[in-house]
Amino acid sequence: MASLWRAAMGGATPDCGGVEFWSAPERSGWLTKQGEYIKTWRRRWFVLKQGKLFWFKESIVTRGSTPRGVIPVATCLTVKGAEDVLNKQFAFELSTRSETMYFIADSEKEKEDWINSIGRSIVQHSRSVTANEIVDYDSKQ
């Protein structure tokens, strides 16, 4: 998992890719995530916007806030429930080809909402589908 976290961090300060994470997120809320090196669980404020999943220590996010980390969802292949893997209620996982990150939501509804939002973002930002490949079937009628 360390390589994805390091790639996501891009050094000491995460690369935000010009995303204004402090304004109008697609989804935001508290999740508990497992640490990269020390596998303790920490509660963090997550913000999903424009294909990036940011996390912060505090829920008040401003232009001056520095994310504790960021994951480009285009690098992710799946997001799914993980209660059976972790033996923890409301758990889900986010996976790349080589790594899996685990999160715990506060409720079943929150878990499902995060899975749906991240899943949509993965599809929208996947490198396998470019704008040129999207066919608008309505315009062909």
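Predicted model: local features only at pLDDT ≥ 70, side-chain atom pairs only at ≥ 80, totals over all residues.
Residues are numbered from 1 along each chain as its sequence is written, and side-chain values use heavy atoms, with hydrogens and water left out.

**Strand E7 and its sheet**

Helices (H or I, at least four residues) and strands (E, at least two) are DSSP runs, numbered from the N terminus. E7 pairs in the antiparallel sense with E6 (residues 91-95) over 5 bridges; two strands pair if DSSP finds at least two bridges between them. A hairpin of 4 residues joins E6 to E7. With E1 (residues 27-34), E7 also pairs in the antiparallel sense, over 2 bridges. Phe103 in E7 is the bridge partner of Lys33 and also of Phe92.

The open sheet has 7 strands in the order E4-E3-E2-E1-E7-E6-E5, with antiparallel pairing. E4 (69-72) and E5 stand at the edges with a single partner strand each, so one side of each has no neighbour in the sheet.

**Aromatic pairs**

The whole structure holds 8 aromatic pairs. Rings of Phe, Tyr and Trp (its six-membered ring) pair if their centres lie within 6.5 Å; planes under 30 degrees apart count as stacked, over 60 as edge-to-face and the rest as tilted. Here are two of the pairs:

| Pair | Centre to centre | Plane angle | Class |
|---|---|---|---|
| Phe21 and Phe56 | 5.2 Å | 45° | tilted |
| Phe92 and Phe103 | 5.3 Å | 25° | stacked |

Phe21 lies in the loop between helix H1 (2-9) and E1, and Phe56 in strand E3, so their pair ties together parts 35 residues apart in sequence. Phe21 is buried at 4% relative accessible area, and Phe56 is buried at 3%. Phe92 has a value of 0%, and Phe103 is likewise buried at 0%. Phe46, Trp55, Phe92, Phe103 and Trp114 form one aromatic cluster.

**Helix H3**

Trp114 brings us to H3, where the buried residues include Trp114, Ile115, Ile118 and Ile122. H3 (residues 108-125) has 18 residues and reaches 26 Å from its first C-alpha to its last. The charged end of Arg27 sits over the ring of Trp114, 5.7 Å from its centre (NZ of Lys or CZ of Arg within 6 Å of the ring centre and within 35 degrees of the ring normal).

How values were computed
Expected span 1.5 Å × (residues − 1). Buried < 20%, exposed > 50% of the residue type's maximum accessible area, 1.4 Å probe, protein only.
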